[in-house]
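Biologist: Hi! Could you walk me through how the protein and the DNA meet here?

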Number of protein chains: 2
Amino acid sequence: MKEGPDIALIGSLIGDPARANMLTALMGGRALTPTELATHAGITLQTASSHLSKLEAGGLLTQRKQGRHRYYQLAEDEVGLMLENLMGFAASRGMNRHRPGPKDPALRKARVCYNHLAGDYGVRMLDSLIAAKQIEVAGDDLALTDAGQIRIEALGISYASLKKSRRPICRTCLDWSERRSHLAGSLGEALLTLFLDKGWAKRENNSRAIRFTDSGEKAFSGLFPQ
Amino acid sequence: MKEGPDIALIGSLIGDPARANMLTALMGGRALTPTELATHAGITLQTASSHLSKLEAGGLLTQRKQGRHRYYQLAEDEVGLMLENLMGFAASRGMNRHRPGPKDPALRKARVCYNHLAGDYGVRMLDSLIAAKQIEVAGDDLALTDAGQIRIEALGISYASLKKSRRPICRTCLDWSERRSHLAGSLGEALLTLFLDKGWAKRENNSRAIRFTDSGEKAFSGLFPQ
DNA sequence: TTCATACTTCGATGGTAGTCGAAGCATTAA
DNA sequence: TTAATGCTTCGACTACCATCGAAGTATGAA
């Protein structure tokens, strides 16, 4: 009784702990080399290489060569959304790999979700944008309003350049720690880039966590009041 | 660098073809016995039994004994949502287990998604309810409006009884064939039950497909105009 | 009781996939 | 050229797990 798409294929790709660790590491948004991914997963380079080619063949990762390095990253936004979604489900079942450690609160507060902001801050940002009617909810999709366009231009994000890309500008992504949506899509990416560029927030090394500076906190709260 | 929830655990549960087939079969919404599930998966009863206890331990399935039968079903709405979501992702990657067969169009038109209506009809129904302002979108969640409450009472669905349960009344579920949301939650379930009870639609055996009768089609189109 | 059905548990088997050492290829630097 | 780094490919090993036969348990029927 074989019906519909093959979930076993993706399942088995994600089901191996080493591969799952690599995917989680890549949720940090940076493109990583096989060597880096191997240490994240706690395996040798050879084994990592074999896993990576499987993930690439499965369409989860893409790869680009640069000199003698190879950089792997998640293939598309959809991959990140799917993974975050799975994490949400796993979290709701209490499937945690660790007793909640010191890093955990930081992750829940603010973290990178592939290329955009997630965690409490991510959710608050989207809520605030919707409350200010700068983003509106239309069925499944999010749409930037006229007021929203003016707003992001004022922040120094070019609406025209966002529109050029074929990717959706706004899109929802289910947050595993908050169990609510935050903002993904090219605007979500642009906003996170803005925070980092302005020095309001910094990525932690080897972690998805994002640390806001004091001035960054203030600026963020000013821009996106609750 | 172990961070966040353990996606490998769910991945490996879903990653086995036999288990994936059982889960897919259970997406049909009916509770099934180990014997039935074994034939769906093409394995013996002993093997099925072992798989089922793993799925139950993982929190994906629940079981109830009835006489000398055991009935398995998806543990909660969330499991169905997660699976439908994964199917959507798999479909978008072209991971299909079969060349699209004769059953495929029927599945895309209308099918059971655990306990509610999915496919083209499911999506149209939700769109229509939103357009009529009987359901409104509030951030992530769907909410039944006053007009919506009156409407469903008129259809013979008791709002009070829906409200009693702790489950959300309305909730979105991403449709893998349409790539848009349809209506899940207790109202989604009640509406599907209504269609079946009124004889407007019938489940096909051993399939998730739902076949609307001629009069059912008319009634449906009348209730939920495009 | 006896028999039949439904299912689980045990035990053995076999295949597959993750793992790593060693060797090979490609790029860069000197 | 030579050497070093980064990565892949090959081959062998191992461990795990899906699988099924056989035996055991539970419920129901006769």
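**Chatting about the contacts**

Modeller: α4(A) gives the most to the surface near DNA strand C, with four residues. Helices here are DSSP runs (H or I, at least four residues; strands are E, at least two), numbered from the N terminus. This is a predicted model, where local features need pLDDT of at least 70 and side-chain atom pairs pLDDT 80 or more, while totals for chains, interfaces and linings use all residues. Residues count from 1 along each chain as written, chains are lettered from A and ligands numbered from 1 in written order, and side-chain values use heavy atoms, without hydrogens and water.

Biologist: How many residues surround DNA strand C?

Modeller: There are 21, and Gln46(A) and Ser49(B) are among the closest. Being near takes a heavy atom within 4 Å of the strand.

Biologist: New topic: how much area do chain B and chain A bury between them?

Modeller: About 4700 Å², with 64% of it on carbon and sulfur atoms. Buried area is the accessible area (1.4 Å probe) that two parts lose on being put together, summed over both.

Biologist: How many salt bridges are there between chain B and chain A?

Modeller: Two. Arg93(A) forms a salt bridge with Glu76(B), their closest N and O atoms being 3.5 Å apart. The term means a side-chain nitrogen of Lys or Arg within 4 Å of a carboxyl oxygen of Asp or Glu.
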